[in-house]
Amino acid sequence: MLTNQKLFVHLNGGIRLPVTVQGASRRVISLSSSDMQATSQQEDENTPHSKQLSSVAGGIVALGKFDALHIGHRELAIQASKAGTPFLLSFTGMAEVLGWEPRAPVVAKCDRERVLSSWSSCCGEVVPTELEVEFSKVRNLTPRQFVEKLSKELGVRGVVAGKNYRFGYRASGDASELSRLCEEYGIEAYIINPVMDKKQSILATGFNDAKERGQVSSTRVRYALSEGDMGYVSELLGRNHRLILMLNDSQSFNIKTTSRISDTSYPKSCLLNLPPKEGAYENCRIISKEKVVPCRVVVDTTNIHLELLEIDPICIEDSRYLNIEFGA
């Protein structure tokens, strides 16, 4: 079981503000012809697999990659919640299996539960649960075999997908085939239009993606971050981008105080997710559970620099994580 990690920021008067990062809650499912496994990071390791799988049975599963957890992904979750208990089904280990270059996620794993929890107000006050399928176990499945797994092994009642969704070996199946197969196996299929990006002018700026149809996508989020356009990032995500740093035992806030500004730096090796491009960012905040600490962030080739305005020297006690949110 993961426990919440706390960071304490010391402000004027000796006030200690806890900065909390919650452990992500997700189930990792291994689909194969011989066995099924499901585990949750917040469940006891001794919980029987059958009991864990029963929580998925009868649910409505949204299909996608869910890297950035952007507004298009949120819409899938909303539609799933309208039909039943919402789950998000995505694949893990695709980069390793397909030989892609490793890259940092848009959302840190330890921050995903917070984002999903923020969707509950749009999902009938229910927090969508993530299901992660090992890609190596399903990459060779035909579209029919994949839907059969959903029906017979997971026991899902329905699926939600965008009309551009592809699935099965070498993405041979499309949304129309998904609907047909789901009907054959007694699964409800909800095919929805993608959420379109309001900023279509991006197509004229060198953005290039073979799958580009003008929809909101994780690729667009990554592009916006690479341009340092945090307003655009916030539009695509439906929230401000949050950067998470993991500190080791030897690291702490090493404050250098100049006039009324306190600053500290951390190497990029501490990052758990994708930062914006190199540059200076105003209107940023160090996030705590109850309060926020305004700051300015400077990203360079090797470090993340924090400048805390109007703040007395601060320090961290008993913490591994630092949460930085970028304003639009």
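Among contacts in the chain between residues at least 6 apart in sequence, what percentage join residues at least 24 apart?

Modeller: The model is predicted. Of those contacts between residues at least 6 apart in sequence, 67% join residues at least 24 apart. The chain has eight helices and 16 strands, and 48% of its 328 residues count as buried.

Now the rings. A pair of aromatic rings is described by the distance of the centres and the angle of the planes. The structure holds five aromatic pairs. One of them joins Phe 146 and Phe 167, with 6.0 Å from centre to centre and 50 degrees between the planes. Phe 146 belongs to helix α5 (residues 143-154), whereas Phe 167 sits in the loop between β8 (158-162) and α6 (175-184), so the pair ties together parts that are 21 residues apart in sequence.

Phe 146 is buried, at a relative accessible area of 4%. Phe 167 is buried too, with a relative accessible area of 4%. Both rings belong to one aromatic cluster, formed by Phe 91, Phe 135, Phe 146, Tyr 165 and Phe 167.

Another ring has a charge over it: Lys 199 lies over the face of Tyr 232, at 4.4 Å from the ring centre.

Conventions
Residues are numbered from 1 along each chain as its sequence is written. This is a predicted model: local features need pLDDT of at least 70, side-chain atom pairs count only at pLDDT 80 or more; totals for chains, interfaces and linings use all residues. Side-chain values use heavy atoms; hydrogens and water are left out. Rings of Phe, Tyr and Trp (its six-membered ring) pair if their centres lie within 6.5 Å; planes under 30 degrees apart count as stacked, over 60 as edge-to-face and the rest as tilted. Helices (H or I, at least four residues) and strands (E, at least two) are DSSP runs, numbered from the N terminus. Buried means under 20% relative accessible area, exposed over 50%, partly exposed in between (1.4 Å probe, protein chains only). A charge sits over a ring if NZ of Lys or CZ of Arg is within 6 Å of the ring centre and within 35 degrees of the ring normal. Contact means heavy atoms within 4.5 Å.
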